[in-house]
Each structure stands twice: as structure tokens, then as C-alpha cells.
Amino acid sequence: MRPVATYTVVSAIPEPLQRLTELAYNIRWAWDHATIDLFKRMDPGLWEETKHNPVQMMGLINQDKLNALSRDDGFLAHLNRVLESYDTYMQQANRAWYAQEFQAEEQPLVAYFSFEFGLTESVPIYSGGLGMLAGDHLKAASDLGVPLVGVGLLYQQGYFRQYLNIDGWQQERYPQNNFYTMPIHLMRDEAGEPVQVGVKLPGRTVYAQVWRVQVGRVSLFLLDTNIRENPIIEDQDLTSQLYGGDHEMRIKQEILLGIGGLRALHALGMEPAVCHMNEGHSAFLALERAYVLMQRHAMTFDEALAVTSASNIFTTHTPVPAGNDYFEPELVEQYFEGYRRQLGLNQEDFLSLGRIDRDNPEEYFCMTILALRSSTYANGVSRLHGEVARKMWQDVYPGVPLAEVPIGSITNGVHSLSWVSGEMAGLYDRYLGPRWREDPADQGVWQQVSDIPSEELWRTHVRSRERLVSFVREQVVCQLEQRGAPTSEIDESGEILDPDALTIGFARRFATYKRATLLLRDPERLTQMMCSDRPVQFIFAGKAHPLDTAGKEFIREVVHFARKAGCRNRIIFLEDYDMAMARYLVQGVDVWMNTPRRPMEASGTSGMKATMNGVLNFSVLDGWWAESYRRDLGWAIGRGEDYEDPEQQDYIESNAIYEMLEKDLIPTFYDRGSDGLPRSWVKRMKAALSELCPVYSMNRVVQEYTRSYYRPALEQAARLAENGHEQGRAFAQWQLRLQNEWDTLQIGDVTCEFNQGEVHAGETLRVSAGVHLGHISPDSVSVQLYEGVLDADGRISQAAIYAMQPLANEDGQQDPGWYRYGIEYISEATGRHGYTVRIVPNYPELKHPLRLRLITWAAGENDMTCTPGEPGQELSPTPAAV
């Protein structure tokens, strides 16, 4: 039953404590240990009971206790210290990295769109790594002073809460989030009414109100459809669950995120100059950006898309096709028929925006392809993932060599202060100084890790492991009680795990490619390691998607093995993995294990969080570990091999795990000096801290995005917008002319000249080509020589690209559309070489020419001549080798 009116009851906060509310509503507390300690000090039990939610805690705390705190000199002194730090942070954005780096007086807005955000467990709108990354991105942007806002959805139930039945099978429950007891604010207009936006769905408009989460200096805006303006229950439920429902629910949520999210910013008076799509879920924003420009400046859709694409950025996170959203053409037409007509597009043209082959009516509409087609900047999230993404999406760019597919890579990182334990942070404060907090990406700061006494580093880590063991015991007791386990089993759970034993953590989504059960392939061998006088113990945690039966079976296998194992207290599965549990794990285990099926791990950030706490990684060489592994920094499972047979891969790599545990990890951990220190282990800890922490800091990531993508896109957007988008129109019209005329381009004869019959390394070679440009101006294209060593298949590999220059007109030149280009170059590498000639677009505002999918290659070997004689002919390449 809906009420006729609503109101909010809040605690009566005594005057000296008034600013506690301000602190509670700014998520900065989630990465400031002093503020966390302040809230915990108010009522430790209530702090844990409310899942570390200061807003909810302050609504529940006893009024007498609040009054007493207002008279507690020690608490007030603590509060004043926290407020002084908070005020300094909030008021000195002009001293942050962005302002210092770019000396920017005006700060155009970057809008960061994501389906999920992992900020803190008290705002449960995340499921896994994508959300963790998005949350850390906002936090680092705040620390660095980057002018950025986040846009997402506010889920009434969020992602599911996990529990296991008596057989170990995952069950799901969906508790309701109470937004009025969370650290979020409902946005209101000048009249005090909630800010609302609408998006068209078939036969109706769905409305959403907008909430704000303050993340330090950065705001995150979240859309919520559970409002009375939506009379249909299914519309109210549109923002009910994260990754819930069917394809139709997904396309509605993505319409709301992309189109509704941009409209929400406009309703709040914000005009983002750059939009960053964190995965393809928000790619419909590219259409809305174009539509807005069409309405404001009377442009066609093609013109508007050409202009707005210059300031769109897309980050892909999945290395498998199934991880991308595909929609049936009929479903897309059902939801976009009216919208595409407003864009001036027919059905075929609209669907082609999300297809590889526009002429295939059966091809589904892909959000990743839409994002790639409408973004100038695209990237994967590790070097290896960049390679995988280029191979996955090469067909989107026909004729473009694999190495030049316009998808780069920026390897992920983590927000250090959000994941480092309080004890470890204190240790860094003492020996690294404040700089590690101010600039965790400063490599010079982390070199001072060598100054930390080994004894102190080890003892700090041991305390974290002891705290983890206590936490696990408490969690297991709760699990067993909820499951109705016998009293004897509950009593025994107080003895699980050994606080002094080598402890290995495996916590992540239970997707099958992550191979959680790889460790269990040889139960006897594993049991021997767990039950020896040098024991090893394992803590598992993670959720399978509700529809992933195979992932649920993996969880069940782990649980059943734990029950059958000879040492039942040496292997544990923790239910309901969330951010709070993750912190205990990444701070307290000795080793973080990761066993993905290479190359299916795009990046992986949990191992980075563990590294920040001195935990060593033991992983397949995939994602971030493929580029960061060194023998002195951790351990590798395998050598980065790729296998055609998954069963063979599992057999080989499971044996590699056992071998490494038995012969390296366990002996290194337990070999102690007379002082009880595992000195070889601690040496590895120090090396990993000093080498990996600055590189895999989210500060480095956001700085890289800003320098490589945000600033170039901001500057180009400003140029294109000058004089009523005069430059933008010219840029768009140039693209359209080029696309219309490109098929008329030809490369005629290609001639190579050598100084002598035999070519030597370092010798100058001359190549020229006849090029037909038709009505296209020569300054609109770049004619290039594509040259390199041939591989075993006769294809050009590791190509060098040389810009060819127009040659003087000669008498008898063919019709006016023909030109001749030439180049002199020196080939240094020995071996069999090949070359060909190509034409690509060229324009001052064009950042990545190949993203336009316009490229013309020399037609064939028969059009080439080399002089003098046979030696030159032998060295000439086949253009088909490209």
C-alpha cells in the first residue's frame, strides 16, 4: 500500500556533532582510516551491524550515547582532526594533480557511465570487478581533482545476497535497499521537487528520479524508477536488480542508463564535454549525444555522430564474445522505432550501427560494436586483453591489420587507500611518509619500502592474518547457524584454520573460466599438503550468477571437498562475498591465487589489492599478471602457454600448482631464521610492494586516461564547438564526402628502384606508386608504404609504416585524378621483406584514421615492377601478404 505522503525521521544530532552528518554523506570516509575509526568509536557493534553504514548507524544510535559523545573531549578532539583533514581535502582541489598538470582555469566535465559502482558495502549496487573498478576510478578522480562525474543506476535490490543450502548449492535472496538510510541524497529542483527524467519505451514514458552519492570531490548520479510516476509495476522494477531479468529487461536498463543518464546530467545543468563508457552497457548515450546536437544545431545524424564521436571513450572489459550484450533485431526495433525516426534513420541504417555486416538481416545488434563505432578512443584493460580485443573485433575494421585495430590498452589499477589495512597504512606512514597517500603512483616513494624493518613488516602482516582467521570463524558460525547445523559442528567451527599456517585465498566470481576447482583435481595430494607438519590452508569465496548452473556446481564441489577432506579445518568456503569480506581477505592471506583459463581474464584487480597489503600472487599468466610477473615478485602457474585442449590445459596447470606449492611456496614460507622470520618470503614481499604498488595504483590509471584520452578529447571537443560548431560541421562533412567517394580510390602501378642488384641492410630503397584519388583532395588522404619482414606464412609482420610524398607532375600524366607518390627508406633488418602501398584518411582533427574503416590497399603483385633485374624481383613482396 503506497502512502499519501512521506517524511523522513532523523536523529537529533547535538550541536558539537552536527558535521558528523556531512562526513557520513561523503563516501570519502570509506578510504580515510581516521574517519572510519571515528564512526566505529561511536558504537563498534552498531558499526558492524549496519555493514559500515554511518548514515544508518546515526539513525539507530541511542540518543543518550549521542549526547554523551557531544561531551566527550577525546571524541571531539578526534572529530576535529578528521574535520580538519576533510576540509583541507575538499577545499584544495586547485592543488590537486589535475589543476597542477594542466593549469586549466575552465574544467569541462567528463561523464563516466557504468552499470555498477563498488564504492562501499553500504551502497550495494555492485557485483564484481567491473563495479570495483568503477568505484575506484571515481575515488582516484576525486583524489587527483579530475573534473568528472559518474552516472549509473540505483538498484532497489542490487545484486543478490548468497547463502548455501545443506548440500552446498547456492541460493539467492534479494533484500530491499532503503535509500533513505544510505549515504545518498535525492536531487531536488529549485521548487524542492525531485529531479526527474523520462525515456520513451513502447507506448509509454518511463520516469526516473536522480540520487547523488558524494565521492570525495566527485559526484555520482544514480537513476531510480521505483516512483509513483510509473504506474506500471514492471517500469518501477526496471531498476530493481543488477544483472537480473531477461534480454528485454537488459535493453530497457541500458536505454535508461545511456539515454536517461545523459538527460539526467542535462536536467542538473551539466554539459559533459567527454563521455566515457565503462563497458558497452551505456553505449546508447552515443545516440543521445548526437540527437542533442541535431536538435541544438540543425545537424543531420551523420554529422552529429561524427562530431560527438570525437569525445566518446569506450573501455571494454570482456575477452569473450558471450560477455557482450547482443539484442535481437526485432527487440531493437520494438524499442527504438520511434527514436530512430527522430534521428532520421531507417531500420537498416540504425541496426548497422551495432553490426559487423550491415547486409545481414539476421545479425544481432551488439552494444560493443555500437560503442566502437561511436568512439574515437577505445581500450582494453591490460596489454594482453588489448591484444585479445583487437583480435575479437578486427572484423569491425575490414582491411585493417590486426596490430592496427584501433583498440589500445590501459591496464587497470586499484585505489590504494580503499584496500590497504589500517595497520599497513600506519606502517607506510612511518617509513614512506605522507607522500604515499598523496601520490600512490610515485615510484620513488615505494622504493623506500626497503627501509621498513623486515621484522616490523612481517609482524604487521601476521596480525592481519590473525584478524582474518577470527573473522572467518565468526562468519562460519553464522553460516552454520543459518543452515541449521548441529550444535557440535557449530562448536567445532571455533577451531577452524590455523592463524600461523600458510593461508591462500581464492575469491572472485565463480564463472567456469576462472576454474575454482582446478586445485581439487588431485584430492589426495592436496590433502597431504593441508595435513602435513607444514600445513597450507585455503579460503574460498565468490558468487555464481543465478543462471550459471555450472558455476554453482563449482561452489558445491568446493564445499563437498571441504567436508570430505581429512583436515576439515584447512579449507573453507565463505558465503556472501562482498567488499567487507574482500578487505579481510586481501589484507590477511599470505598468497592470492588466480587460475583463469588464459586469455579469458581481461585484467583482474583483486590480486593488485592483495599486493598493496604485502600479499604475494600465485597466478596463471593472464590479465595484469601476464605483464607484471617476475620471479622475485610472486609465482606463475605455467609459462603463458595457450592450449587447444582444455582438459590437457587443466591437467598440466593443476600439476604445476601442486609442484609449485610443494617445492617453492611452502618451503619458502616455513623456512625461518633463528628470529622466526621467513626472510626469503619477506624479501619477496618488499620487492612486490616497491615494484607493483605504484604501477597498479588507480592514480596511475586515471592519470593515463586523462593524458591519453580525456584531455585530447576535451581539447578536440572545444575546437569542434567553436563558432557554433563551424569546425565540427566541416569535420563531419569531410567525413561524409570521404565515405561517399572512397570506393573510387585506386592504387595503380607500384615501382621499386634499387641502387644495385642486391639489397644490403642499411641501403636506401625507392618506391613510387600511381594513385587515383578522383574527386578527393590529396590533403584528405595519406598514401603510405607498409613494409616489414615476412613471417612463415608470407605475411608482413612487425610492419613499419612510411608516409609517401607527392611527386612532381610528369608530362603525359593520366587524367587529373591520378597522382604519383614516392618515398626513400632504409631497411635495417635482414631477412625476407615485403611491402605494399595503402591509402588511409588524413585530417587535422582525425585522431585515429583507421577507426573510419576506410582503407585501400595495392591490388596485386602483377601491378608491381622492380628494377634492376631478377634480384629485385625476388625481394618484391606480394601485397596479399598483408
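Trainee: At what angle do helix H8 (residues 129-144) and H30 pack?
Mentor: First, a friendly note: this is a predicted model, where local features need pLDDT of at least 70, side-chain atom pairs count only at pLDDT 80 or more, and totals for chains, interfaces and linings use all residues. Residues are numbered from 1 along each chain as its sequence is written, and side-chain values use heavy atoms, without hydrogens and water. Axes are lines fitted to C-alpha atoms, for helices over the stretch in contact, and angles run from 0 to 180 degrees between N-to-C directions. The axes of H8 and H30 lie 9 Å apart, and their angle is about 80°.

Trainee: How are H8 and H30 therefore described, by their angle?
Mentor: Helices are DSSP runs of H or I with at least four residues, strands are runs of E with at least two, and both are numbered from the N terminus. Angles under 35 degrees count as roughly parallel, over 145 as roughly antiparallel, 65 to 115 as roughly perpendicular and the rest as oblique. H8 and H30 are therefore roughly perpendicular.

Trainee: Which residues of H30 does H8 meet?
Mentor: Contact means heavy atoms within 4.5 Å. From H8 come Leu-133, Asp-136, His-137, Ala-140, Ala-141, Asp-143 and Leu-144. In H30 they meet Met-698, Asn-699, Val-702, Gln-703, Tyr-705 and Tyr-710.

Trainee: What is the angle between helix H12 (residues 301-309) and helix H30 (residues 698-741)?
Mentor: The axes of H12 and H30 are 8 Å apart. H12 and H30 are roughly perpendicular to each other. They pack at an angle of about 110°.

Trainee: How many residues of H12 are buried?
Mentor: Buried means under 20% relative accessible area, exposed over 50% and partly exposed in between, with a 1.4 Å probe and protein chains only. What covers the buried residues of H12 includes helix H11 (285-297), strand S10 (312-315), helix H13 (329-343), helix H15 (367-373) and H30. Among those buried residues are Phe-301, Leu-305 and Ser-309. H12 is mostly covered, and its buried count is 8 of 9.

Trainee: Which residues of helix H16 (residues 383-392) are buried?
Mentor: Look at what covers them: strand S13 (377-380), strand S14 (408-409) and helix H27 (623-628) are included. The buried residues of H16 are Leu-384, His-385, Gly-386, Val-388, Ala-389 and Arg-390.

Trainee: Which residues form the uncovered face of strand S6 (residues 196-201)?
Mentor: In a regular strand the side chains alternate between the two faces of the sheet. The covered face of S6 holds Val-197, Val-199 and Leu-201. Its uncovered face is Gln-196, Gly-198 and Lys-200.

Trainee: Which residue in S7 is the bridge partner of Lys-200?
Mentor: Two strands pair if DSSP finds at least two bridges between them. S6 and S7 run antiparallel and are joined by 6 bridges. They form a hairpin with 2 residues between them, and Gly-203 in the turn has a positive phi of about 80°. The partner of Lys-200 in S7 is Thr-205.

Trainee: Is Gln-214 buried or exposed?
Mentor: Gln-214 is found in strand S7 (residues 204-215). Not counting residues up to four places away in sequence, Gln-214 touches Tyr-25, Asn-26, Ile-27, Arg-28 and Ser-219. With a relative accessible area of 16%, Gln-214 is buried.

Trainee: Which residue in S27 stands opposite Ser-782?
Mentor: Strand S23 (residues 781-790) and strand S27 (residues 833-841) pair in the antiparallel sense over 9 bridges. Both belong to an open sheet of 4 strands in the order S24-S23-S27-S28. Opposite Ser-782 stands Val-840.
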